[in-house]
Amino acid sequence: MIELAGEHLDRDGVVTQVIDPAAIASIVENFNADAQAPNFSGMLVDHEHFKHDLQKETIAYGWLMALQGRADGIYGQIRWTATGQAAVDGGDYRFFSTEYDP
């Protein structure tokens, strides 16, 4: 599971993100359509959202390849890197923190 259905406050506590059936369908359909591109290599799954900070290194833990919508939220198929697989298997990496463009 990548995203639980329901209402979620953003990190600043200002915006409520609503993940309802319509949002689930839209997110899944748009992502999976983009994933059909011949050069699609996946969406970055990183550790600390450092891709936005050019002063910090971003390490790929995996690459999100496909999404599936279910009644309780959004599920993803991830191609783990060696670093990510070891972190998942060892219990160091367990939960997701998703980011959405405003």
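This note goes through the fold of one chain, point by point.

1. **The model.** This is a predicted model: local features need pLDDT of at least 70, side-chain atom pairs count only at pLDDT 80 or more, and totals for chains, interfaces and linings use all residues. Residues are numbered from 1 along each chain as its sequence is written, and side-chain values use heavy atoms, with hydrogens and water left out.

2. **The parts list.** The chain has two helices and six strands. Both kinds of element are DSSP runs numbered from the N terminus: helices are H or I with at least four residues, strands are E with at least two. In sequence order the pattern reads β-β-β-α-β-β-β-α.

3. **Overall extent.** The C-alpha trace spans about 35 × 35 × 30 Å along its principal axes. Its accessible surface is about 7,300 Å², by the Shrake-Rupley method with a 1.4 Å probe. Carbon and sulfur atoms hold 51% of that surface.

4. **The sheet.** Look for an open sheet of four strands in the order β1-β6-β5-β4, with antiparallel pairing. Its edge strands are β1 and β4, since each pairs on one side only. Two strands count as paired if DSSP finds at least two bridges between them. As background, strands of a sheet pair through backbone hydrogen bonds, either parallel or antiparallel.

5. **β5 with β6.** Strand β5 covers residues 62-70 and is joined to β6 by eight bridges. The two run antiparallel. A hairpin of two residues links them. Gly-62 has Trp-80 as its bridge partner. Leu-67 has Gly-76. Gln-68 stands opposite Tyr-75.

6. On one side, β1 (residues 3-4) pairs with β6 (residues 73-80) over two antiparallel bridges. Here Glu-3 has Ile-74 as its bridge partner. Leu-44 has Trp-63 as its partner in β5.

7. **The helix on the sheet.** Helix α1 (residues 21-34) lies across β4, β5 and β6. Its direction is at about 140 degrees to β5. Such angles run from 0 to 180 degrees between N-to-C directions, with axes fitted to C-alpha atoms, for helices over the stretch in contact.

8. **Asp-46.** Where does Asp-46 lie? Asp-46 is in the loop between β4 (43-45) and β5. Is Asp-46 buried or exposed? Asp-46 counts as buried because its relative accessibility is 11%. The cut-offs are under 20% relative accessible area for buried and over 50% for exposed, with partly exposed in between (1.4 Å probe, protein chains only). Beyond its neighbours within four places in sequence, Asp-46 is in contact with Lys-51, Thr-58, Ile-59, Tyr-61 and Tyr-93. Contact means heavy atoms within 4.5 Å.

9. Buried residues make up 25% of the 102 residues. Among contacts with a separation of 6 or more, 43% join residues 24 or more positions apart. The chain has 6 positive and 16 negative charges, and their mean positions are 5 Å apart. Lys and Arg count as positive, Asp and Glu as negative; His and the chain ends are not counted. Each charge is placed at NZ of Lys, CZ of Arg, CG of Asp or CD of Glu.
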